[in-house]
Amino acid sequence: MIEPNSKEALDLYAKIEDLIGVKDAAPKLYRHYFQIFEKLEFNSLIDIGCGRGDFLLELGNRYPQKEFFGIDKSPQMVQFAKENGVDANVLELKEINQKFDIATAVFDMVNYLTPQEFIGFFEDLKSVVKEGGYFIFDVNTEFGLSEVAVGNFISDSGDRFLAIESFYEGGVYESFFTLFERDKNCYKKEVQTIRQFHYSEEFFKMLGGWELSIKLPMKLYDLESYDKILYVLKKEC
Ligand SMILES: C[S@@+](CC[C@H](N)C(=O)[O-])C[C@H]1O[C@@H](n2cnc3c(N)ncnc32)[C@H](O)[C@@H]1O
């Protein structure tokens, strides 16, 4: 069995996200979501894997009368989100006693679920989405994982030195992170691994209780193939 991504690994990712330029594509991705929201009636939304809360912040500005809440497995991410003024917490879906009109999982969060976590996640999701409500999310395509996200990356910002090596094989993408972070007169070393898993449309079609209503392939990086797909699932009544 593959171990789920740990809080420690996700916290390390939270600490270095600003170094890797991954969020440069976020405005383009978020625009696709906002276009979908314009066509939907809703009053409340939960963002799962809200990260630093950039998406919720933008939503709050667009819809000041609506209710937004974020959850994330990484305490470091939630701390950043709170510092950004976003209502967020470290909670699991099971711990939430409220139903929302819409749930979102933006920028690959679903790819972080191991195959063992995947089915349970969609079952738990039913208890936080109202009947007839929506789950809107994007996932990396196989091209996105195997061609766009692989390779080596180094960043040296003086106080932080980061090296990442990423590989893809057989539906599993692995990123090995090494961070040296200045702590007074020494450098503290942290090593963590994060895994993502490729999920094709077939996985989402086989989920009971959810109807696939929109599938939107995207070229976030303007390459020859689609690197992400945005899906809208409607919860059956
Ligand atoms: C690539 S980041 C995207 C963050 C944010 N949605 C955004 O648009 O910037 C993926 C996020 O999913 C979170 N995450 C990964 N697995 C999770 C899980 N099982 N439950 C909740 N959050 C998770 C990570 O901690 C991280 O913040």
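Tutor: Ile102 stands opposite Tyr134 in strand S5; strands here are DSSP runs (E, at least two residues), as helices are (H or I, at least four), numbered from the N terminus. The model is predicted, and local features need pLDDT of at least 70, side-chain atom pairs pLDDT 80 or more, while totals for chains, interfaces and linings use all residues. Residues are numbered from 1 along each chain as its sequence is written, and side-chain values use heavy atoms, without hydrogens and water.

S4 (residues 100-105) pairs with S5 in the parallel sense over five bridges, where pairing requires that DSSP finds at least two bridges between two strands. From S4 the chain passes through H5 to S5 in a right-handed β-α-β crossover, that is, with the strands pointing away from the viewer, the path from the first strand over the helix to the second runs clockwise.

Strand S11 (residues 228-235) runs antiparallel to S5, joined to S5 by seven bridges; in S11, Tyr231 is the bridge partner of Phe137.

Phe135 and Phe137 are both buried. Their ring centres lie 4.7 Å apart with planes at 15°, so the pair is stacked (centres within 6.5 Å, using the six-membered ring of Trp; planes under 30 degrees apart are stacked, over 60 edge-to-face, the rest tilted). Phe135, Phe137 and Tyr231 belong to one aromatic cluster, which also includes Phe204.

Notes. Buried < 20%, exposed > 50% of the residue type's maximum accessible area, 1.4 Å probe, protein only.
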